[in-house]
Amino acid sequence: MQKRRIAILGSTGSIGVQALDVVREHRELFDIQLLTAGSNSRLLIQQAIEFDAACAIIADESLYHEVSEALTPYGINVLAGMSSIMDAMTTAENIDIVLSAMVGFRGLAPTLAALRSGKAVAIANKEPLVAAGSIVMQTAREHNAAILPVDSEHSAIFQCLQGGHSPIERIFLTASGGPFLRTPLSELKNVTVEEAVNHPRWKMGRKITVDSSTLMNKGFEVIEACWLFGVDISQVTVVIHPQSVIHSMVAFRDGAVIGQMSQPDMRLPIQYALTYPERLPLNLPRLDFYKLGGLTFSEPDMTRFPCLRIALDAMKRGGNIPCALNAANEVAVAAFLDGKIRFTDIPVIVSRSTDRCSFIKDPDLNAVMDTDKAVREYASTLIPKR
């Protein structure tokens, strides 16, 4: 495989850290050109030095001098602010692939900038496709820029499609069910932040782990799958699979179903996106089918997981409603993590916010930005002032 020059947007987050684990294992095949972080200056400094990055950007401009003083002696270019990230995506010619792993809606603009410049994007953050799927996919087509899925479920679908040359009949998106799959419904209102961020299968950031516990994350993944693979929402089925061994399945029109199986570890889909179409060795535990015992599947309970129902409804409504869904959810989850609302308040706030949103059938980027801003402002009014 020819050496690939990589930019990681969000290198200090969970996906970014695991991506650098992959690079560490194959140092001869990757050249780190750019690392970015929001405010974790200490880890950004460590990463830039270890991987001899050409450039490091800290989004929090107040931390520029700290990062610059630490990295300038190593000959590493240091910049600050979101505008610098945007400029790098637009002008840098020494980047082959961008790993988009910034948390939240703020990852949309850099992702679009990378696609406009014709760069391949390995997309790990859900929000760009949820909030502006049509715009993202159209931008990729117009500029002949590849989008490679990093989410374990979408990577699984992508991998399954390598072995099938037939139209997709149905996608089965698997979900572990999170930490509250068996919790009595009456106890959900008492769920603590510590319980909600303790996922039984995956190690992720706090926000996405809460989304997994409400199954909003799975709703987002349904929306992503529709855009990435060009299917209607009626062709996507969510299946509860607590063992998290089958990461997703694709059914074809002859009745065959192909699934991708592996240990639950994000390094596998990250590496596949960075090395596609090749598969490289990866030091992960292998599946032991004798020890698995069995694999189980069930239908999601929409009473237990109202966020999944709200997300599916948002995609059926279309237009700018998925954008409103994402904005309201980001506000509600942040309020829960700050201890301002109960766990069961999250779907209430999201539902009220999306219901109130003015519908736009074919939003352009300005309409997406306006929707995000307006819905965030309204959702914030639903948070109790304490």
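The model is predicted, so local features need pLDDT of at least 70 and side-chain atom pairs count only at pLDDT 80 or more, while totals for chains, interfaces and linings use all residues. Residues are numbered from 1 along each chain as its sequence is written, and side-chain values use heavy atoms, with hydrogens and water left out.

**Second largest pocket**

- The second largest pocket holds about 320 Å³ of space, where a pocket is an open set of points on a 1 Å grid over the protein atoms alone, with protein on both sides within 12 Å along at least five of seven lines, and a volume is the space filled by probe spheres set on the points, which are joined across faces, edges and corners.
- Its lining has 19 residues, of which Ser134, Trp227, Met315, Gly318 and Gly319 lie nearest the centre; a lining residue has an atom within 4 Å of a point.
- Helices α6 (127-142) and α10 (216-229) each supply at least two of the lining residues, and the largest share, six residues, comes from α6; helices are DSSP runs (H or I, at least four residues) numbered from the N terminus.
- By class the lining of this pocket has twelve nonpolar, four polar and three charged residues, with Ala, Val, Leu, Ile, Met, Phe, Trp, Tyr, Cys and Pro counted as nonpolar, Asp, Glu, Lys and Arg as charged, and the others, Gly among them, as polar.

**Largest cavity**

- The structure holds one cavity of 30 Å³ or more, a cavity being a set of grid points where a 1.4 Å probe fits but cannot get out, and the largest cavity has about 50 Å³ of space.
- Residues that line the largest cavity include Ser152, Trp202, His247, Asp265 and Pro269, and the elements giving two or more residues to this lining are α7 (152-161) and α11 (267-275).
- Helix α7 gives the largest share of the cavity lining, three residues, and the lining as a whole divides into three nonpolar, seven polar and one charged.

- Seven of the nine residues of α5 (residues 108-116) are buried, meaning under 20% relative accessible area with a 1.4 Å probe and protein chains only, and Leu108, Pro110 and Leu115 are among them.
- The axes of α5 and α6 lie 10 Å apart at an angle of about 10 degrees, axes being lines fitted to C-alpha atoms over the stretch in contact and angles running from 0 to 180 degrees between N-to-C directions.
- The two helices, α5 and α6, are therefore roughly parallel, a term for angles under 35 degrees.
- On the α5 side the contact (heavy atoms within 4.5 Å) includes Leu112 and Arg116, and on the α6 side it includes Ile135 and Val136.
- Gly118, which follows α5, has a positive phi near 80 degrees.

**Packing of α9 on α14**

- Helix α9 (residues 206-214) packs on helix α14 (residues 321-337) at an angle of about 105 degrees, with the axes 10 Å apart, and the pair is therefore roughly perpendicular, a term for 65 to 115 degrees.
- The contact of α9 with α14 has four nonpolar, one polar and four charged residues.

**Met369**

- Met369 belongs to helix α16 (residues 365-381) and is partly exposed, with a relative accessible area of 32%, the class between 20% and 50%.
- Beyond its neighbours within four places in sequence, Met369 is in contact with Phe105 and Leu108.

Technical notes
Parallel < 35°, antiparallel > 145°, perpendicular 65-115°, else oblique.
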